[in-house]
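Me: I have a structure open and I am new to this. Can we walk through how to read its features?

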Amino acid sequence: MTQIGVLVGNPRPASRTWHAALALRDAVRQVLDVPGDGPLVDAAEFAQEVFAPGGERVRAVLEELGRTDVLIVASPTYKATYTGLLKAVLDQAPSGWLRGKVVVPLQVAASDRHALAVELHLRPLLVELGGRVAGQGIFLNESALTVSPVELTAQLVELLDADALRALVPAPIDTVSPVR
Ligand SMILES: Cc1cc2nc3c(=O)[nH]c(=O)nc-3n(C[C@H](O)[C@H](O)[C@H](O)COP(=O)(O)O)c2cc1C
């Protein structure tokens, strides 16, 4: 089964970015036509431990997320880039952590002035870790987040590059037609 994980690096728990990332996961499921279970990680829940020596929790979370096929990595835009919390978590990822994974970057911002931050900053970080990004990273202005989750998912389906996503994520074995 295709595993679709979520990592949100927002110091504020259960944030709008978190809800947008969950809607994006539903959109990815729809595009790939898979149930897409997988770990959902809100880094705010263990922010205190990110700089603790030995950081067991961070290591365990990265290991779990590293087993997914598709990973949504989301952050609010802070100071024209992404959060320090997300960077501090990902700085602990082993090299090649995302090798063989498809990643979908998402950034939420208050201003369209920073609409390209996801492409200019978050995307290179995820590529450095070995991830393959399907199409462009997703940018959402927070003013778009007042709609229902179902409506947001529908909008995100339109924003995703469905062809790129389907090309990068292999269909689960049990849905592939047998060779005749
Ligand atoms: C410390 C901080 C820095 C921010 N920097 C920017 C910024 O550079 N550009 C921008 O458009 N929004 C910026 N914002 C606004 C957030 O990106 C925006 O409100 C986002 O929707 C917050 O997501 P959340 O509601 O999930 O926490 C900043 C917010 C904070 C708290």
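This is a predicted model: local features need pLDDT of at least 70, side-chain atom pairs count only at pLDDT 80 or more; totals for chains, interfaces and linings use all residues.

Me: What is phi of A80 near?

Reply: The general idea comes first. Most residues other than glycine have a negative phi. Now the case: phi of A80 is near 70°, a positive value, and A80 is not a glycine.

Me: Is A80 buried, exposed or partly exposed?

Reply: Count the C-beta neighbours. A80 has 13 of them inside 10 Å, so A80 counts as partly exposed.

Me: Which loop holds D33, and what is its phi near?

Reply: D33 lies in the loop between helix 1 and strand 2 (40–42). Its phi is near 60°, again a positive value in a residue other than glycine. D33 counts as exposed, because it has 12 C-beta neighbours inside 10 Å and the cut-off for exposed is 12 or fewer.

Me: How do I describe two packed helices?

Reply: Use the angle between their axes and the distance between the axes. Here, take helix 1 and helix 5 (residues 149–159). They pack at an angle of about 55°, and their axes are 8 Å apart. Helix 1 and helix 5 are therefore oblique to each other. Their crossing is right-handed.

Me: Which residues make that contact?

Reply: Helix 1 brings H19, A20, A23, L24, D26, A27, Q30 and V31. Helix 5 brings P149, L152, T153, L156 and V157. By type, the residues of this contact are nine nonpolar, three polar and one charged.

Me: Now the ligand. Which residues come nearest?

Reply: There are 16 residues around the ligand, and S15, T17, P76, A109 and E142 come nearest.

Me: Which elements each supply at least two residues of that shell?

Reply: Helix 1 (16–32) and strand 4 (102–109) do.

Me: How does the shell divide into nonpolar, polar and charged residues?

Reply: Six are nonpolar, six are polar and four are charged.

Me: One last idea. How far apart are A115 and L140 in sequence and in space?

Reply: Read both distances together. A115 and L140 are 25 residues apart in sequence. In space they are 7.7 Å apart, C-alpha to C-alpha. Find A115 in the loop between strand 4 and helix 4 (117–128). A115 is partly exposed, with 15 other C-beta atoms within 10 Å.

Technical notes: Residues are numbered from 1 along each chain as its sequence is written. A residue is near a molecule or strand if its C-beta atom, placed from the backbone, lies within 6 Å of it. Helices (H or I, at least four residues) and strands (E, at least two) are DSSP runs, numbered from the N terminus. Ala, Val, Leu, Ile, Met, Phe, Trp, Tyr, Cys and Pro count as nonpolar, Asp, Glu, Lys and Arg as charged, and the others, Gly among them, as polar. Axes are lines fitted to C-alpha atoms, for helices over the stretch in contact, and angles run from 0 to 180 degrees between N-to-C directions. Angles under 35 degrees count as roughly parallel, over 145 as roughly antiparallel, 65 to 115 as roughly perpendicular and the rest as oblique. A crossing is left-handed if the near helix is turned anticlockwise from the far one by less than a right angle, and right-handed if clockwise. Two residues are in contact if their C-beta atoms, placed from the backbone, lie within 7 Å. A residue is buried if 20 or more other C-beta atoms lie within 10 Å of its own, exposed if 12 or fewer, and partly exposed in between; C-beta atoms are placed from the backbone.
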